[in-house]
Amino acid sequence: MIDIFQMTAAFFFGAVAGGMYFYSLWRSTKSFVLNRSSGVAFLISGIFRLAIFLGVAGYLLSAGIGALTIGMGLFGFFLARIAATRWVRWKTTRCDDASCVGEGAHENQL
């Protein structure tokens with residue numbers, strides 16, 4: 001039998017983990033462009049992102065829950081990815097015409 005509470009919790013935790021994962025990715029990418037010692041920050045962020053994903057996936061697999069519930073957790077993670085990419089596209093400045101040519105044009109895109 002399908003447990004609605006368990007599936008809702010898996011979706012919620014998948015979405016939260018996805019939000020944390022992609023926010024960390026966005027911050028590390030931003031620091032990679034702006035800082036000199038960004039390699040260390042990017043490595044730490046990569047380890048943090050890997051720990052988030054493996055922690056959630058490992059917990060869901062070790063809990064002995066069904067494949068449908070694990071799928072709901074991954075679906076929440078996937079929806080967080082869609083929300084993050086839309087947010088980043090909305091947040092960045094578009095430079096499709098000649099109005100961005102000149103000094104500082106690339107700084108506005110971050």
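The legends below describe close-up views of a predicted model.

Local features are given where pLDDT is at least 70 and side-chain atom pairs where pLDDT is 80 or more, while totals for chains, interfaces and linings use all residues. Residues are numbered from 1 along each chain as its sequence is written, and side-chain values use heavy atoms, with hydrogens and water left out.

**View 1. The protein chain has three helices and zero strands.**
Along the sequence, the pattern is α-α-α. Helices (H or I, at least four residues) and strands (E, at least two) are DSSP runs, numbered from the N terminus. Helix 1 covers residues 4-34, helix 2 covers residues 38-62, and helix 3 covers 67-91. The protein chain has 110 residues, of which 22% count as buried. Buried stands for under 20% relative accessible area, exposed for over 50%, and partly exposed for values in between (1.4 Å probe, protein chains only).

**View 2. A nonpolar patch on the surface is formed by F12, F13, V16, M20 and F48.**
Together these residues have about 490 Å² of accessible area. Accessible areas come from the Shrake-Rupley method with a 1.4 Å probe, and for residues only the protein chains shown count as cover. Patches are made of residues with over 30% relative accessible area and no salt bridge; like charges are joined within 9 Å, and nonpolar side chains (Val, Leu, Ile, Met, Phe, Trp, Tyr) within 5 Å. A salt bridge is a side-chain nitrogen of Lys or Arg within 4 Å of a carboxyl oxygen of Asp or Glu. Helix 1 gives the largest share of the patch, four residues. F48 is placed in helix 2 and counts as partly exposed because its relative accessibility is 42%.

**View 3. The largest pocket has a volume of about 240 Å³.**
On a 1 Å grid over the protein atoms alone, a pocket is an open set of points where a 1.4 Å probe fits, with protein on both sides within 12 Å along at least five of seven lines; lining residues have an atom within 4 Å of a point. Grid points are joined across faces, edges and corners, and a volume is the space filled by probe spheres set on the points. The lining has 14 residues, of which F22, Y23, W26, A84 and V88 lie nearest the centre of the pocket. Helix 1 and helix 3 each supply at least two residues of this lining. By class, the lining has nine nonpolar, four polar and one charged residues; Ala, Val, Leu, Ile, Met, Phe, Trp, Tyr, Cys and Pro count as nonpolar, Asp, Glu, Lys and Arg as charged, and the others, Gly among them, as polar. V88 belongs to helix 3 and is partly exposed, because its relative accessible area is 27%.

**View 4. F42 is found in helix 2, and F78 lies in helix 3.**
F42 is partly exposed, with a relative accessible area of 34%. F42 and R27 are 15 residues apart in sequence, and their C-alpha atoms are 9.0 Å apart. F78 is also partly exposed, at 43% relative accessible area. F78 and G14 are 64 residues apart in sequence, and their C-alpha atoms are 8.3 Å apart.
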